[in-house]
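Student: Hey, can you walk me through this one? I'd like to start with how the chains meet.
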There are 2 protein chains.
Amino acid sequence: MGKLYLVGMGPGDTKNMTDAARTALEEAELLCGYTAYVELLKPLFPQKKYYSTGMTRELERCRYCLERAEEGICTALVCSGDAGVYGMAGPVLELCSAYPNAEITVIPGVTAALSGAALLGAPLGHDFCVISLSDRLTDWSVIETRLRCAAEGDFAVCLYNPASRHRPDCLQRACDVLLEKKTPETVCGIARNIGREGEQIRLLSLKELRDTETDMFSTVFVGASATEKIGAWMVTPRGYRK
Amino acid sequence: MGKLYLVGMGPGDTKNMTDAARTALEEAELLCGYTAYVELLKPLFPQKKYYSTGMTRELERCRYCLERAEEGICTALVCSGDAGVYGMAGPVLELCSAYPNAEITVIPGVTAALSGAALLGAPLGHDFCVISLSDRLTDWSVIETRLRCAAEGDFAVCLYNPASRHRPDCLQRACDVLLEKKTPETVCGIARNIGREGEQIRLLSLKELRDTETDMFSTVFVGASATEKIGAWMVTPRGYRK
């Protein structure tokens with residue numbers, strides 16, 4: 001019987017890590033994850049054992065961690081942001097029935113929707129949706145339906161994975177769907193390299209967003225109809241002023 | 001010119017606070033917030049000045065903080081969870097134009113959608129919506145439209161404020177709207193007293209949720225059609241197994 005911690009490290013460097021995440025990493029003997037995140041941890045925890053794999057080797061990484069925990073090794077699988085939001089908690093738990101001796105705990109972290117929102121102001125101050133534009137594991141038709149429903153419900157929307165080399169135009173296509181219901185003037189924002197070198201934000205209209213190039217280091221926010229630009233901030237009011 | 005930090009403390013006690021939140025609280029001279037959260041901080045930071053107000057005095061609290069920062073006092077306004085998700089970042093930024101000498105920074109925190117999800121497993125492992133059932137500042141018709149769109153888009157849904165003394169039946173009404181599109185067997189979960197004494201979770205079907213009493217200390221999760229109960233966990237798969 002061994003513990004397996006699924007740990008969200010928050011965005012970028014380690015300054016948005018929670019105390020609970022740090023405590024779990026201190027307890028673990030073996031720290032696993034995507035190579036870039038593991039490299040951030042080595043200077044903080046030089047005495048640990050490490051195991052890292054590349055970007056598309058998710059299930060292999062999950063199984064490796066479950067096997068080690070099953071063997072009695074206290075293991076932590078680290079994710080950027082939160083372990084449960086497009087992270088590794090899902091696939092690990094999907095596999096966990098085969099590893100009854102791995103005792104799993106999920107440690108939440110600050111996902112990019114929250115950390116990007118904080119840089120922009122309060123774009124998610126009222127009801128919101130989080131949608132990934134990656135069609136690697138989801139049919140584009142499902143993504144399009146969700147975008148349409150998000151616009152129909154006048155939600156503020158946070159878009160993950162707004163672009164990659166293989167799908168350079170997906171943000172444009174997503175904006176076209178949102179523009180069926182949201183006005184071209186809808187206040188939008190982009191947060192890039194959150195918590196890392198080169199951190200930057202930009203406020204723009206939905207019409208401008210449509211024709212803007214982003215990348216896999218960006219998180220995109222599309223306002224609700226009530227969302228305002230106040231000074232340099234993007235704010236979705238909850239209604240306290242009424 | 002004074003700094004004003006809007007700080008999300010994460011859920012419950014202070015173990016889900018980030019390093020960045022702690023650093024901001026250490027720097028501030030004056031810590032403000034809702035009474036219950038401020039009481040949590042006093043043992044950690046006994047040397048600070050404090051200002052607290054009750055539950056419905058939000059705008060007064062925001063103005064007080066902006067005024068103190070304007071006077072040059074480094075101030076932190078603390079919120080449970082994240083400052084931007086139904087928190088005080090919105091109302092502060094709405095008022096900030098009148099206080100040009102207050103230098104505002106928003107420090108994100110782990111909101112109940114993430115911390116409750118972690119206790120349940122990974123209910124928000126794919127696209128999701130966050131909706132508050134409180135009609136104190138939002139018309140119920142808007143809430144109902146959003147619930148309907150969330151169900152139509154087959155999102156996993158996280159419900160904040162599922163009940164209060166003044167609206168004991170709003171979760172039931174919300175479930176009835178969701179049941180127009182989601183099946184009665186949809187996997188749901190409740191996380192209560194997250195990170196606090198009496199922390200508990202429960203998995204149940206949407207049909208059962210409809211007839212379950214909750215309270216203001218609960219966060220409710222309603223699955224997407226793909227959401228599964230795996231052992232004792234609630235998991236919304238992203239599709240890695242395909």
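Student: Before we go on, where do the numbers come from?
Tutor: This is a predicted model, where local features need pLDDT of at least 70, side-chain atom pairs count only at pLDDT 80 or more, and totals for chains, interfaces and linings use all residues. Residues are numbered from 1 along each chain as its sequence is written, chains are lettered from A and ligands numbered from 1 in the order in which they are written, and side-chain values use heavy atoms, with hydrogens and water left out.

Student: OK, what area is buried between chain B and chain A?
Tutor: About 5800 Å², and carbon and sulfur atoms give 61% of that. Buried area is the accessible area (1.4 Å probe) that two parts lose on being put together, summed over both.

Student: Which residue forms a salt bridge with Asp19(B)?
Tutor: Arg22(A), and the closest N and O atoms are 2.3 Å apart. Arg22(A) sits in helix H1 (residues 19–27) of chain A and Asp19(B) in helix H1 (residues 19–27) of chain B, so the pair joins two chains. Helices are DSSP runs (H or I, at least four residues), numbered from the N terminus.

Student: And what does Arg146(B) pair with?
Tutor: Arg146(B) forms a salt bridge with Asp127(A), with 2.9 Å between the closest N and O atoms.

Student: Switching to helices: at what angle do H6(A) and H6(B) pack?
Tutor: About 175 degrees, with the axes 9 Å apart; each H6 covers residues 140–152. Axes are lines fitted to C-alpha atoms, for helices over the stretch in contact, and angles run from 0 to 180 degrees between N-to-C directions. H6(A) and H6(B) are therefore roughly antiparallel, the word for angles over 145 degrees; under 35 is roughly parallel, 65 to 115 roughly perpendicular and the rest oblique.

Student: Which residues make that contact of H6(A) and H6(B)?
Tutor: Thr145(A), Cys149(A) and Glu152(A) on one side, and Thr145(B), Cys149(B) and Glu152(B) on the other.

Student: What about H6(B) and H7(B), how do they pack?
Tutor: H6(B) and H7(B) (residues 170–178) pack at about 40 degrees, with axes 8 Å apart. That makes H6(B) oblique to H7(B).

Student: Which residues of H6(B) meet H7(B)?
Tutor: Trp140(B), Glu144(B), Leu147(B), Arg148(B) and Ala151(B) meet Cys170(B), Arg173(B), Ala174(B), Val177(B) and Leu178(B) of H7(B).

Student: And at what angle do H6(A) and H7(A) pack?
Tutor: About 40 degrees, with their axes 8 Å apart. H6(A) is therefore oblique to H7(A).

Methods. Contact = heavy atoms within 4.5 Å. Salt bridge = Lys/Arg side-chain N within 4 Å of Asp/Glu carboxyl O.
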